[in-house]
Amino acid sequence: MPHDFAAGPGGPGRLSPKDALSHTGQATAASVVVALILTLTKAGVWWMSGSVALLASMADSLLDLTASLAVYLSVRYAAEPADAEHRFGHGKAEAFAGILQAIFVAVSAALLMREGVEHLINPVEVRAGGWAIAVMLLSIVMTIGLVIIQTRAVSATGSIAVEGDRAHYFSDLGANVVVIVGIAGSTLLGLLWLDAAAALAVSLWLFWTAWTVARSAGDQLMDRELPDEARDLICALASDDPRIINVHELRTRAAGPLVHIQFHVSLEPNLTLRQAHTILVDCERRLHDTFPAADILIHADPHGVAEPHGGEFFNAESTTKDA
């Protein structure tokens, strides 16, 4: 899911790691608390009702709890400053947490699909349907509150880990509605198969969620470029100095709350080293005002004199961004 870097303060690198952690820390702690409450509540009511749809939802909440704990730890590790062994920081820990989430969700979906098929063939009567519906309504209310908190955190930080967690809970909202329909149809209308069908619907929803979370995390692990809006903003900030003739060979990537930015600038060829250095430092400061959590590397080229350079690693069509 791309972030809107051009309109507002949100997105990777737009807050310091400490400020980003204040947002993501609150969201991940709330996620753990909600998942724990819902897991225990659903387990108790499932024991009374025997609903396979509710069992599906309880299993989903249990995996939510595991994934939320992983995210809780990952966002804190990702905010740790760079050290001797990790000179680029620890930001990718968030992406690893996203991959872990996707695996948990996919395994859950496979197990729930098997249960749904079995109960579709051999339907089981749902008991204590009123309690089952009540706990699902509680789940919907708590999930809505959590998603609101997570949305604020994602808007402020662009955290891939919290975004993955939010995607999972978004899917839970739809899944909870499906479970209520299954339980109500089974207890009120006598349609025993509807409970199992609801479990199958939940499993399909979880498969889709696993794919979307894995894709977002994979983009970060593979150092995918920031969205065009972000690259355009970087070029605009960098070139906001008449002494900079153009910006080219721009490369960017996100790593949790951090972003890494590097590019070349063309300068008048007769500048002294001190003058060129001053221009580059001023450029870095402009970028850091907007991206305080950015690692920035700028290379100066004498305009009209420098030979193309960068070796075979560069692909001019994909990396050049003139401004």
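The protein chain has nine helices and three strands. Read from the N terminus, the order is α-α-α-α-α-α-α-β-β-α-β-α.

A word on the source. This is a predicted model, in which local features need pLDDT of at least 70 and side-chain atom pairs count only at pLDDT 80 or more, while totals for chains, interfaces and linings use all residues. Residues are numbered from 1 along each chain as its sequence is written, and side-chain values use heavy atoms, with hydrogens and water left out.

Now the chain as a whole. Of its 323 residues, 49% count as buried. Buried means under 20% relative accessible area, exposed means over 50%, and partly exposed lies in between, with a 1.4 Å probe and protein chains only. Take the contacts between residues at least 6 apart in sequence: 76% of them join residues at least 24 apart. Contact here means heavy atoms within 4.5 Å.

Thr41 and Leu138 are 97 residues apart in sequence, and their C-alpha atoms are 9.3 Å apart in space. Thr41 counts as partly exposed, at 27% relative accessibility.

Next, a pair of helices. Helix 7, residues 228-238, packs with helix 8, residues 273-290, at an angle of about 140°, and the axes are 9 Å apart. The axes are lines fitted to C-alpha atoms, for helices over the stretch in contact, and angles run from 0 to 180 degrees between N-to-C directions. The two helices are therefore oblique to each other. On this scale, angles under 35 degrees are roughly parallel, over 145 roughly antiparallel, 65 to 115 roughly perpendicular, and the rest oblique.

Which residues make the contact? Helix 7 supplies Leu233, Ile234, Leu237 and Ala238, and helix 8 supplies Cys283, Arg286, Leu287 and Thr290. By class, that is six nonpolar residues, one polar and one charged. Nonpolar covers Ala, Val, Leu, Ile, Met, Phe, Trp, Tyr, Cys and Pro; charged covers Asp, Glu, Lys and Arg; the others, Gly among them, are polar.

Cys235 is buried, with a relative accessible area of 4%. Cys283 is likewise in no disulfide, its nearest cysteine sulfur being that of Cys235. Cys283 is buried too, at 0%.

Last, two backbone angles. Asp223 has a positive phi of about 60°, although it is not a glycine. Asp223 sits in the loop between helix 6, residues 192-221, and helix 7. Is Asp223 buried or partly exposed? It is partly exposed, with a relative accessible area of 33%. Glu249, also a residue other than glycine, has a positive phi near 50°. Glu249 lies in strand 1, residues 246-255, and is buried, with a relative accessible area of 12%.

Note on methods: Helix = DSSP H or I, 4+ residues; strand = E, 2+ residues; numbered from the N terminus. Disulfide = S-S within 2.5 Å.
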